[in-house]
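Dear colleague,

I am handing over the structure we spoke about, with the sequence alongside. Please open it before you read on, as my notes are meant to be followed with the model in view.

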Amino acid sequence: IQAAINAAASGDTVLVKNRDYRGEHVALQRVFLHRDPARPGEALLCVGSLGSPGAFSSGMNAKGLAIVDTHVSTRDHGPGLLRYFLMTWLLWTCADVEEALGLIAALPHAGGGCIVLADAGGGIAAVELGHSAQAVERRTPFVVKTNHFVDPACAPFWFPVGSDPMARSTLGRYARLQSWLGDRRERPPLADIAALMGGHGADGEEALCRHGQDGDSSTISC
């Protein structure tokens, strides 16, 4: 689950991700600081798992570009970059959302998943990644992605597997986030955002915080 919320008037931008994964990854999860002595002042801070690529979940660079991802099953695969390597490359080479979108458009992609981007200048965007089709969403003051594609270019390729509980709940989680954000123009308080992302099912709403029931993923961090 990802959301980028931008209060456009102030440039006060928040990028939020619930990391939903198998429970054993709690022991593997780390925050990594990547530094190159040849490039002082250009460090990357990433959340990921031991033994995995750099930005395996999310990350931010010293210029203030932040990126998070989510898994989406798709039929649209082919030779190209896996999104984990793409995210790490974007953080290593780009200063803002516009530069990152340009690089995404210029590269081939293996397909699968979405990324949401935000920068220090208030820029936000979401990208649905297929091999033959990609889609960029720039809607303000917020963009939201869960575990399915919504753009007409990518949605026909979504391949929800019946054994994947995240595919079964993704539409409900997306609707809950969209409803909560609604017509807001100002960024909600951080405490309210955290409470939302830790929310469970109530009044028929889909839970955003997952607990591994029925083979489902668990929310191991926010």
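Below I go through the overall fold and then turn to one serine.

Please keep in mind that this is a predicted model. The protein has five helices and 12 strands, and its C-alpha atoms fill a box of roughly 55 × 40 × 40 Å along the principal axes. The radius of gyration is 17 Å, which agrees with the value near 17 Å that a compact globule of 222 residues would have. Buried residues make up 47% of the 222 residues, and among the contacts with a separation of 6 or more, 57% are between residues 24 or more positions apart.

As for the surface, the accessible area comes to about 10200 Å², of which 57% belongs to carbon and sulfur atoms. The protein carries 19 positive and 23 negative side chains, and the centres of these two sets lie 3 Å apart.

The residue I looked at in detail is Ser73, which is found in the loop between strand S7 (66–70) and helix H2 (83–93). Is Ser73 buried or exposed? Its relative accessibility is 17%, and because the cut-off for buried is under 20%, Ser73 counts as buried. The side chain of Ser73 makes a polar contact with the side chain of His71, at 3.2 Å. Leaving aside residues up to four places away in sequence, Ser73 touches Phe157, Trp158, Phe159 and Asp164.

Terms used
Residues are numbered from 1 along each chain as its sequence is written. This is a predicted model: local features need pLDDT of at least 70, side-chain atom pairs count only at pLDDT 80 or more; totals for chains, interfaces and linings use all residues. Side-chain values use heavy atoms; hydrogens and water are left out. Helices (H or I, at least four residues) and strands (E, at least two) are DSSP runs, numbered from the N terminus. Buried means under 20% relative accessible area, exposed over 50%, partly exposed in between (1.4 Å probe, protein chains only). A polar contact is a pair of N or O atoms within 3.5 Å; within protein, one must be able to donate a hydrogen and the other to accept it, and residues adjacent in sequence count only if both atoms are side-chain atoms. Contact means heavy atoms within 4.5 Å. The radius of gyration is taken over C-alpha atoms; the globule rule is 2.2 Å times the number of residues to the power 0.38. Accessible areas come from the Shrake-Rupley method with a 1.4 Å probe; for residues, only the protein chains shown count as cover. Lys and Arg count as positive and Asp and Glu as negative; His and the chain ends are not counted. The place of a charge is taken as NZ of Lys, CZ of Arg, CG of Asp or CD of Glu.
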